[in-house]
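Please look at how this protein chain is laid out and where its ligand sits. The model is shown here.

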Amino acid sequence: MKGWKFNNSYIEVPKKMYARVEPTKVVAPAVVLFNEQLAAELGLVFEATDTECNEGVFSGNLIPEGAAPIAQAYAGHQFGHFNILGDGRAILLGEILTPNGNRVDVQLKGSGPTPYSRRGDGRATLRSMLREYLISEAMHGMGIASSRSLAVATTGEKVYREDIHDGAVLTRIASSHIRVGTFEYARNFLSVEELESFTNYTIRRHYPQLEGSADAALEMLRAVVIKQVALIVNWMRVGFIHGVMNTDNMSVAGETFDYGPCAFMNSYDVKTVFSSIDTNGRYAYGNQPQVALWNLSCLASALLPLIHLDEAIAIKKAEEVLNEFPAMYQQQYATMMANKIGFSVSNEEVVKLIKALLEWMQEQKADYTNTFLVIQWEGKLTQPIYAQEVFIDWLNKRKNLLAKNGITAEAATRMMQQQNPSYIPRNHLVEQALDAACFRNSYEYFNRLLKKIAQPYTVINEWNEFQQPPEGGDGYYATYCGT
Ligand code: AMP
Ligand code: MG
């Protein structure tokens with residue numbers, strides 16, 4: 001891999017925000033996945049024959065010229081409890097400028113211990129890195145802001161969790177890895193002047209339109225609120241459950257990242273949780289908007305000294321911005337759901353129609369993704385559950401309401417095709433792909449699945465194997481952190 005145009009700016013932020021550290025070398029690196037399309041977007045030159053260089057870079061054995069490896073410091077509220085964290089198993093190689101002028105982070109995940117590793121080994125399992133690759137690329141395919149995955153390299157070393165796994169390193173690309181938790185750390189360990197300098201850095205990087213604004217910190221808070229509302233609405237649209245929405249896993253740039261125990265919902269149920277440790281359902285599908293707001297209040301709290309010298313005034317101003325969240329979310333959620341059934345805008349009758357649909361789906365445990373495809377296809381793609389009288393009645397009500405609103409069937413279908421993915425990375429399919437890769441060293445199924453979910457809006461004429469929900473539902477499907 002060649003052509004890295006490193007341009008590292010994070011090393012200029014206050015020194016307490018990171019530690020210089022290099023990846024730990026691995027014994028037998030091998031590249032098992034490589035994202036050619038992303039490499040091209042980044043302006044990188046990949047020569048398949050240059051195995052030694054590719055293996056070296058993607059495993060952390062070879063530091064590309066211009067890189068300045070660091071581990072970033074951050075804190076975070078994990079399940080509501082404040083902890084000091086930091087990149088415990090990730091190393092930022094540096095930032096590159098893409099051909100269209102974007103600055104992105106190049107990070108290795110699973111690349112060995114850092115000063116922030118605490119008791120961890122700094123490593124990652126092949127299974128979890130493949131999972132992150134698949135799901136982040138699916139999110140990107142759906143048009144949802146996300147970190148990207150450039151490569152996965154196996155290390156030739158074992159990783160010890162509950163079982164013994166093969167180790168791997170993921171090369172992750174993101175607009176940045178500045179988190180809500182990064183600001184919480186900055187608030188704790190930096191002087192107010194340094195906190196301001198770090199905030200200005202973030203503004204320059206992600207919200208340059210706010211540079212020089214008199215109320216820059218408050219305006220940045222508002223900008224992050226706007227980004228997060230849009231992001232969460234998108235998650236709700238496709239049934240994505242992040243699983244571990246701790247403040248350290250929330251990006252200030254508004255991208256989905258840190259794919260740990262995340263998963264997509266099959267049957268519609270707002271209480272859906274897949275994370276093995278989320279016993280109280282804190283991060284359940286339906287709770288995500290409230291959690292996002294809670295996390296944003298942590299960001300607000302970290303920014304208070306910059307918002308106003310008088311803390312009472314600062315709190316009042318921050319609250320005003322945070323109070324914009326619920327209405328903004330409601331409005332965008334309503335429009336998104338209206339779009340999912342073919343209406344360009346929402347109104348009272350559309351809201352009622354959607355409510356009836358969701359209630360029926362929840363009651364019947366209908367598949368979230370497929371139900372919208374059935375509606376889109378007006379009965380052409382059917383399954384027994386959709387023969388229910390209640391559902392047929394609902395379809396008729398929708399048809400009448402479309403007519404009443406002057407929306408043609410074609411216009412509705414066009415609208416729906418952009419909103420409703422034909423493919424999501426369904427848990428049982430993801431597991432099948434990971435099993436084949438990890439136990440049989442076969443990437444054939446993984447790559448077939450990846451191809452489908454990377455083009456999720458492909459119009460289908462009949463059901464195929466990648467669309468079937470698991471027989472008998474997800475059962476006790478569980479996903480894990482730190483694997
Ligand atoms: P996560 O749940 O993936 O967001 O991780 C939470 C924190 O634990 C972060 O600071 C990670 O860097 C750290 N961490 C997770 N797994 C490991 C590991 N195997 N070794 C060191 N640190 C880890
Ligand atoms: Mg994390």
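The paragraphs below take the conventions, then the domains and their interface, then the ligand.

This is a predicted model, in which local features need pLDDT of at least 70 and side-chain atom pairs count only at pLDDT 80 or more, while totals for chains, interfaces and linings use all residues. Residues are numbered from 1 along each chain as its sequence is written, chains are lettered from A and ligands numbered from 1 in the order in which they are written, and side-chain values use heavy atoms, with hydrogens and water left out.

The protein chain is assigned domain 1 (10-174) and domain 2 (180-332), with bounds that come from an automatic or database domain assignment. Taken over C-alpha atoms, the centres of the two domains are 23 Å apart.

At the interface, 34 residues of domain 1 are in contact with 40 residues of domain 2; contact means heavy atoms within 4.5 Å. The two domains bury about 3,100 Å² between them, and 63% of it is on carbon and sulfur atoms. Buried area is the accessible area (1.4 Å probe) that two parts lose on being put together, summed over both. K16, H77 and F79 supply 21% of the area that domain 1 buries against domain 2, more than any other three residues.

Five salt bridges are counted between the domains, each a side-chain nitrogen of Lys or Arg within 4 Å of a carboxyl oxygen of Asp or Glu. Elsewhere in the description of salt bridges, E95 and R205 pair through their side chains at 3.9 Å, N to O.

Ligand 1 is surrounded by 18 residues (a heavy atom within 4 Å), and the closest are G86, G88, D121, G122 and N249. Each of domain 1 and domain 2 gives at least three residues to this shell.

Which side chains have an N or O atom close to a nitrogen atom of ligand 1? For D121 the distance is 2.9 Å, and for R161 it is 3.2 Å. A polar side-chain atom of Y74 lies 3.5 Å from an oxygen atom of ligand 1.

Technical notes:
Polar contact = N/O pair within 3.5 Å; in protein donor to acceptor, adjacent residues only side chain to side chain.
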